Amino acid sequence: ERVALSHCWGTKSRFVTVSSNIEASMCSIPLQDMPPTFQDAVYTTRQLGYRYLWIDSLCIIQDDHQDWVVESTRMREYFKHAAITISCDSASGDDVGFLKHERKVETLSVILSSNDEVGFRQQVKWPKFQRRDTFVSERAWTLQEFVLSPRSLSYTSQQIVWECHTRKYCESSENSLEDSHLTQFWGTKRFFSALATSRQQVSKFGYVFHHLCRWYNLVNDYRLRDLTYGQDILPAISGIAREIRAQAGGTYLAGIWLEDIHRGLMWAMDGAGKIPETYHAPSWSWASLQISPDALNTLNFLYWMIRLSGTPLVERRATLLSHEIIAEDNDMFGCIRFGSLRLRGSSLLARKWQGSYKGGLRTHFHQPIHLTSNQLIFQLDVFDEKVEPLDVLANALLFQISSWKWDQDRPEVALALLLVKVGDQPIETYRRVGMAEVPNVDGLAEEGWEMRDIRII
């Protein structure tokens, strides 16, 4: 059995294995030469009674692309089969360490009637290890390290936290977090409890444990995290994707599951996307865009994926005709060189829309704002202050993906992609620039629309 380490590499320390030092490192690595985080991890591993410790920066040859490709496909196995993963949540880099730092503890003092002073430690909140609440949860690669590990020992800035698939213990609380709706939803590691041994939990919180709900929630968290190399956006979550396929099957297409493609295409950026300098994924995938730093506090990039729980109108869905993925290094879970979808569905030039318009996406299903029933609600994936959103809309094609009926008091709504045409293509080809919500009031989602076969790249 082995222990695995989940850590932030940082910018000051580059203690790694490369081709020039691998032979010497395989003979020995003096403990005193290691950075503080590695020294602390070795000490902790020994104290826990284990002999072997897996550290990615040492066990993968960092300047050997082929070794990196092979090892990156094994991340699921390394962390899923680790006895324990040590997570250095309080360390911003390997040069910091996690055992000797001073804890950040806020205290209060009260003067009693006897003039004695009594100190109190303020209650410490338990970390969720989500939404960038620790150093490790700021990094993209560490999400799958945490989720897939059956047990994690996390050293945070205020306390040590133990978490496994069924329990979570913090120093600040004597009791394990109970199996409530809230803790099931926030207990990221619990998303991957083996279904065969969790029947009571599944029956009680079935939608949380559904593999697609797991995926959408995890991707929401993942999109808030940092990547040193943008092209790692799919490899860095590939271990989770492989685990989902192992548990539930399915066909994986550049971050989207084919079996749920009518929801999977309905991700929402609300203008927070940035076009990367290099190709990451086809435009229909959430992985095609980077996230603007200004958007890191946005609640949900995949709003529709999770909340589409109304009644789907199957007869009004687009039809998937074919799909194509060309993967780098023959790994469908890793880097993508090219991807396309061919779809048949109902389409309309956006400038021919007969109702009114409204930018943003808060919506005919959930209505915190006042809407007229005939409003086309749209949002762009990338906001450019130099371009008016309505100018983009005027040149876009509305292409319906699926229709939903939330309840009897609200109209049927079609969810559509906003597409712009790509020239010089043998097939009518488009790329995604946004999405829209089309209310079917007085036939607005039917009249004037025409069936069309298109390709999206």
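Q: What makes strand 20 and strand 21 (residues 450-456) a pair in this predicted model?
A: Two bridges join them, and they run parallel. Pairing takes at least two bridges, so strand 20 and strand 21 qualify. One spot to look at is Y430, which stands opposite I456 in strand 21.

Q: How do you know that strand 17 (residues 375-380) pairs with strand 20, and in which sense?
A: Count the bridges: there are four, and these two strands run antiparallel. The cut-off is at least two, so strand 17 and strand 20 count as paired. As an example, Q379 has M435 in strand 20 as its bridge partner.

Q: What makes strand 19 (residues 413-422) a partner of strand 20?
A: Ten bridges, in the antiparallel sense.

Q: Why is strand 20 (residues 429-439) called mostly covered?
A: Because ten of its eleven residues are buried, which means each of those ten has under 20% relative accessible area. For the protein chain as a whole, buried residues make up 51% of the 457 residues.

Q: What share of the protein chain's contacts with a separation of 6 or more comes from residues 24 or more positions apart?
A: That share is 66%. A contact here means heavy atoms within 4.5 Å.

Technical notes. Residues numbered from 1 in each chain as written. Predicted model: local features only at pLDDT ≥ 70, side-chain atom pairs only at ≥ 80, totals over all residues. Heavy atoms only, no water. Buried < 20%, exposed > 50% of the residue type's maximum accessible area, 1.4 Å probe, protein only.
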